Every structure is written in C-alpha cells, then in structure tokens.
Amino acid sequence: MPFISSATAAKEQYDVIIVGSGAGGGQTAYTLTMDGARVLMLEAGRKYDPVSETPMFQTPDLAPLRGTGTTDKPFGFYDATIDGGWQVPGEPYVQTRTDDAGRFDWWRARMLGGRTNHWGRISLRNGPYDFKPYSRDGLGFDWPISYEDLAPYYDKVEMLVGVYGANTGLENTPDSPSGCLLPPPKPKVSDLLVAARAAKLGIPVVPGRRAVLTQQLDWKTSPAKLHPGNPAAQKIIAEDMQRRAACFWATPCGRGCSIRANYQSTTVHLPPALTTGKLDIVTDAMVYEVTLGKDGRAAGVGFVDRTTGKHQHAAARVVVLAASACESVRILLNSKSTQFPHGLANSSGKVGKYIMDTVGSSLDGQVPLLESMPPHNEDAASGHQMYVPWWLYPHAQKLGFARGYHIEFGGGKGMPGLGTAEGLEWLTGGSYGKKFKQDARRYYGSFVGFDGRGEMIPNEHSFCEIDPVVKDKWGIPVLRFHWKWSEHETRQAAHMQKTFAEIIEAMGGRVRGRAETDGAKAIAPGGSIIHEVGGAIMGADPKTSVTDRWCQTWDVKNLFLTDGAPFASNADKNPTLTIMANAWRVAEKVVERRGAIG
Ligand SMILES: Cc1cc2nc3c(=O)[nH]c(=O)nc-3n(C[C@H](O)[C@H](O)[C@H](O)COP(=O)(O)OP(=O)(O)OC[C@H]3O[C@@H](n4cnc5c(N)ncnc54)[C@H](O)[C@@H]3O)c2cc1C
Ligand code: SF4
C-alpha cells in the first residue's frame, strides 16, 4: 500500500485517517502502522523524494542570484521547501495588524514531510517545570501530563530519529537515559571561545542536541526497546536504520539530506511506515473539514484534490489532525454542523485560542581573536554544536519577567555565498580592490551570531479565527490572526540583547550595531520563529480546554490532535521533539482504545 489516488482512497474504509505528514503526522503514522493499524495519510502538498530531489552538493555559483534568499524562497534557492513559505500562492491568511509588535506571520510548508524537510533539527526535551508552569508562577496553564508521562517517549523518539547531545545535569534540562543519545560533534574554534568566555560570566555552554546522526543508529539493540513484543516492527526498523548513513559534515542540512543522516519525516518516519504495507498516502489532498456521522462521531474528512479541484471524502474509524497547529485549528473551525455551529470540538469556545510562538531576538558581533584563522573545514553540523540552556532559574524572581530562554549561537567559516563579505564597512571604513580582498579574507570566519529562544506565556489576545470574508482558491475560509506580546516576553527579549552583548564583549569582540534596550523593538514578530503551537490546548477540564490528556477532543471521542495544537504552554525548548514524543504517546493510546473509540 503506497501512494494512491484520491479516488482510490475515497472508496476505502480505514482504521485511521491522519491529516498532514510532518513531524506530528509522520510520527503518528509510524507508530500506528508499526502496531498494525490501516492508515490513510492525506497531505496537502506534493509528493517529494528527498533522495533524488535534495540539492546537497550544488554550490551557490550554480544558482540564480547565487542562491540568495528571495520572497519565494526566503531561506535561499537550495532550501528544501519546494512549496510554501510566509505566503502560499492562492492560500492567503489575514493579519489584524501588520506592524512588527502586533502581527503574526504564518509559515506553511506545502510538501510531503512538511516543515521537517528543512527545519533546524534542534531537538531539546521539555523539562519537568515546563509541563507545570502555572503551578510554579500562577501564569498560563499547566499541562494535564507531567515530564514523567512523556519521558519514555522522548527516549523512543531519540533512539528512532537519532539525536546527538550530552547529559549535563543542569536544572530543568533533562538528561537522557543511556543508549538514547548519539555522541555530539566536535565544537568549532568559535564555539570553544564562546564557551570559555561565557563561563567567566557564569553562563554555561554545553553540547547542543540535534536530530543528526553522528554515527549509525544502534540497530542491534534499539528496535527491541522501541517495539517490545513486536518482532515484525523490530525487523522493519532494524533494516531501515541500517539504510541511514552517518553525517559527513559538509552540506547544509536546510536543503535536506539525501543520505538520510538527519531527521525528516520523509526519510525517517514514512519509509518504515510504508514498508509495513499498512500506509496509504494521498498527496495534493487539501483537507477542509472533519465530517460527522449521525452518532456524533467523526466519520472521515472532506478534502479537495488539488490536481483536479474535485471534492472527495475519505472514511475512517478514527481521525487524527496533524496539519500544523493553526491549520488543524482551521479545519476544526471550518467543520460546522448543527451540533457544532461554532466549529467542531469547540463547545468550550477555546478552538483557536492561546496560539503561541517562541520569543526571539538576535545580535551578532565580530571578534578580532578569530580573524585571519588558517583555512580549515568548518562546515561542521550546520550549527548547534553547542548551546546555552536557561541558567537563571534560581534568580527568576529578580528578572522582571517570568520565564526563561536558551541561546543558540554560531560562527566559523561555512561555505561562502553571496553576502559573505558584505557590510564590512563598519570594520574597514570602506575598502576597494586588493585591500577589500585582504579584508574579506581577514574577517571571514570572525563573526559570531546569537539567537535567543524564549518561552511565551499564552494570552487572551493571541488567537486565530475564521475570517468571515476571505477564502482561498479552493473556496475554503481562511484564518485571521490576532497577536500581542506581554511584558514578560518583551522584557525577556531585552535581557537577551544585554546578555549577547556581554558575551561578545567578553570575547574581546565588537557588537554589530548596538544591543537594543527596548524589548518591544528587540523582539522578533509573532510567528517569525516558526514555532507555532497552541490553538486547541489540552487540559483537565472540558470547559477550559479542547482535548483531554490524550489529545482526544472532549466533544468527539474518535478525533485526536498530534501536532503542536494541544500544547498548553510553549517552553523555551524548540517544540518538535515534544510534538513527536507526544504523537507517539497519543498514537499508542489510539491503538489501545481502538475497540472503544472506532
Ligand atoms: C526554518 C525552520 C526552522 C525550524 N527549526 C526548528 C528546530 O530547530 N527545532 C524545532 O523543534 N523546530 C523547528 N522548526 C519548527 C518545526 O519545523 C515544526 O515544529 C514541525 O515541523 C511541526 O510539525 P507539524 O507536523 O505540526 O507541522 P509540519 O511539519 O508543518 O507538517 C504539517 C503538514 O500538514 C500539511 N497540511 C497542512 N494543511 C493541510 C490540510 N488542510 N490538509 C492536508 N494536509 C495539510 C502540510 O502541507 C504539512 O506537510 C523549524 C521550522 C522552520 C520552518
Ligand atoms: S550536514 Fe550531515 S545531516 Fe546535514 S545534510 Fe549534510 S550529511 Fe546530511
């Protein structure tokens, strides 16, 4: 059972329909098919083959505009996102404000595997505090699950997808059990300098965690831990793990990885799920509603075949939405019926509420100690060899904002491209000809950049709803976004700027421009960090949440969500590892409850 047409899918009755093929959909499909469920995956984007379509070895000079970013391809010509971005042609969304402080930018990937084809692969576990933020400071919401509930699934996801990193024993920065992590890569010289000088400021720099194979996965022992008592699944994944090569540290991961050395849903989740023979995939299938049976349970989904424009219906005993948080919200809100006039599973009125992104702020600088370094292969791991976990938990009361951030940083000599030697005037005073070439060589590799990634507290003013007028090219009503940061976030962004400047100066470096002291100006616009979560939060009370602890909607028992929509908070940790761990947990429950809910 492989890629099939929409017409063929419409004739079948499945155990489970999954909408979306990214991190959440991919993990759900993997877990369900390995456990024997018959699954239909509906994906709005086109089919994509990472082995034949990944431009791993092309150099910038071979691309238009030397590969630089454009409106269509903001991350550059070779970026893995073949369809999608901040704007998707024919598929608009509405922003109630367009200024930096009040707008929400929505990034969508329209392709098999979704955003996982080019994501940053930074894979941090949420810590115990991150599931109970309300209990700690009275703000936002607690999750109805704890770290202990998710820990076994973090273990499994790390073993399956392959995450490098190291245990640090730091507060609220969980260690992984032995056998879960791959060894971290060697730091670059700039990483070591950051670590040494940050340490003097009391800021810990530790190995990063990324979904990249520094060595082959442990295909001999991991399969039995991933699928105890399931020899068929163990065999499939043991064979698949051997087909994934280890990273050779020479090509940018954002283009995707044809040797399957990093995590993409298309290289890690979907191949073994397809091998089970239990997964059918329809691409170019734009789902717009979940249909209800007379019994009030989900009967299936309605979708548009984007290649023909024809409306189709697919049926299953269970429906799982994993179309990315806001798109799953859109499907729910567009699924209106007499029973659910305000959208499906929305008796609480909370569908679309409490959308969150990550607090982001950046600063870079130039470090004379790193100038004129001898040529050396420094492509390394596309960043995140090392990072700074949030280190100020003991001082939380004194900071003026409630939650923390971690710091991602990078430096060194990546593959030169258009812009490598641009904007040097602040250092050279302006140089030309031979002197400019000397300057370019001198300064190449002497810059360090810092990005803060912080927790946003969910608020009443950040939500999405259906716009009453605007529709996409398929006639499907679109989302309208409302957005507001609170002072907890803007103060945090100002603190990031101050910290980055201190580290750069401790390295003997100079800040480019100046550190911004006004947090409202320092903070990146909503949505721009592309960590969209929330909108259908899980909780313990059906009046104040959309799903229960199993991400099963309170109102419709055979409807589940496995993307970021059920997140009740958005810790500083990047969300995707948690999306996958949670999807595995929920999919196991779907299998367990199959008799009761189907
Ligand atoms: C540049 C970039 C860097 C990032 N770096 C990191 C990082 O380092 N660490 C991290 O944790 N996260 C990172 N992220 C975020 C990460 O990609 C997402 O958290 C993750 O992919 C979310 O998984 P998902 O399954 O919810 O959504 P997606 O991966 O976006 O998948 C959703 C899928 O659903 C499909 N779909 C949407 N609507 C419909 C519909 N109506 N019908 C059918 N199918 C539909 C889409 O086409 C898509 O394929 C990054 C994202 C970007 C863009
Ligand atoms: S750096 Fe490694 S993981 Fe990333 S694309 Fe290249 S080979 Fe693949």
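Helices (H or I, at least four residues) and strands (E, at least two) are DSSP runs, numbered from the N terminus. The model is predicted: local features need pLDDT of at least 70, side-chain atom pairs count only at pLDDT 80 or more, and totals for chains, interfaces and linings use all residues. Residues are numbered from 1 along each chain as its sequence is written, chains are lettered from A and ligands numbered from 1 in the order in which they are written, and side-chain values use heavy atoms, with hydrogens and water left out.

**Stop 1: two loop residues**

Select Arg-121. Find it in the loop between strand E5 (108-109) and helix H4 (128-131). Most residues other than glycine have a negative phi. Arg-121 is buried, with a relative accessible area of 0%. Buried means under 20% relative accessible area, exposed over 50%, and partly exposed in between (1.4 Å probe, protein chains only).

Now go to Ala-345. This residue sits in the loop between helix H11 (325-334) and strand E13 (359-366). Phi of Ala-345 is also positive, near 65°. Ala-345 counts as buried, at 2% relative accessibility.

**Stop 2: aromatic rings**

Show the side chains of Phe, Tyr and Trp. Rings (for Trp, the six-membered one) pair if their centres lie within 6.5 Å; planes under 30 degrees apart count as stacked, over 60 as edge-to-face and the rest as tilted. The whole structure holds 24 aromatic pairs. One of them joins Phe-75 and Trp-107: the ring centres are 5.2 Å apart and the planes stand at 70°, so the pair is edge-to-face. Phe-75 lies in the loop between helix H3 (50-53) and strand E3 (84-85), and Trp-107 in the loop between strand E4 (94-95) and E5, so the pair ties together parts that are 32 residues apart in sequence. Check their surfaces. Phe-75 is partly exposed, with a relative accessible area of 48%. Trp-107 is buried, at 2%.

Next, select Tyr-93, Phe-104, Trp-106, Phe-481, Trp-483 and Trp-485. They form one aromatic cluster.

**Stop 3**

Two strands pair if DSSP finds at least two bridges between them. E4 and E18 pair in the parallel sense over 2 bridges. Strand E17 (residues 463-471) and strand E18 (residues 477-482) are antiparallel, with 5 bridges. E17 and E18 make a hairpin with 5 residues between them, and Gly-475 in the turn has a positive phi of about 85°.

Zoom out. The open sheet runs E4-E18-E17, and the pairing is mixed. E4 and E17 are the edge strands, each pairing on one side only.

**Stop 4: a sheet of 6 strands**

Which strands come next? Follow the order E8-E14-E15-E16-E13-E19, an open sheet of 6 strands with antiparallel pairing. Its edge strands are strand E8 (206-207) and strand E19 (510-511), and each pairs on one side only. Inside the sheet, E13 pairs with strand E16 (residues 447-454) over 8 bridges, in the antiparallel sense. Pick Ser-362: Asp-451 in E16 stands opposite.

**Stop 5**

Select Gly-302 in strand E11 (residues 298-305). Gly-302 counts as buried, at 2% relative accessibility. How many residues of E11 are buried? The strand is mostly covered, with 7 of its 8 residues buried.

Strand E10 (residues 285-292) runs antiparallel to E11, joined by 7 bridges. Val-290 has Val-301 as its bridge partner in E11. The hairpin of E10 and E11 has 5 residues between them, and Gly-296 in the turn takes a positive phi of about 80°. Strand E12 (residues 311-321) also pairs with E11 in the antiparallel sense, over 5 bridges. Here Val-301 stands opposite Ala-314. E11 and E12 form a hairpin too, with 5 residues between the strands and a positive phi near 80° at Gly-309.

Draw a line from Gly-302 to Pro-374. They are 72 residues apart in sequence and 60 Å apart in space, C-alpha to C-alpha.

**Last stop: ligand 2**

Finish at ligand 2. The shell residues divide into 8 nonpolar, 3 polar and no charged. Ala, Val, Leu, Ile, Met, Phe, Trp, Tyr, Cys and Pro count as nonpolar, Asp, Glu, Lys and Arg as charged, and the others, Gly among them, as polar.
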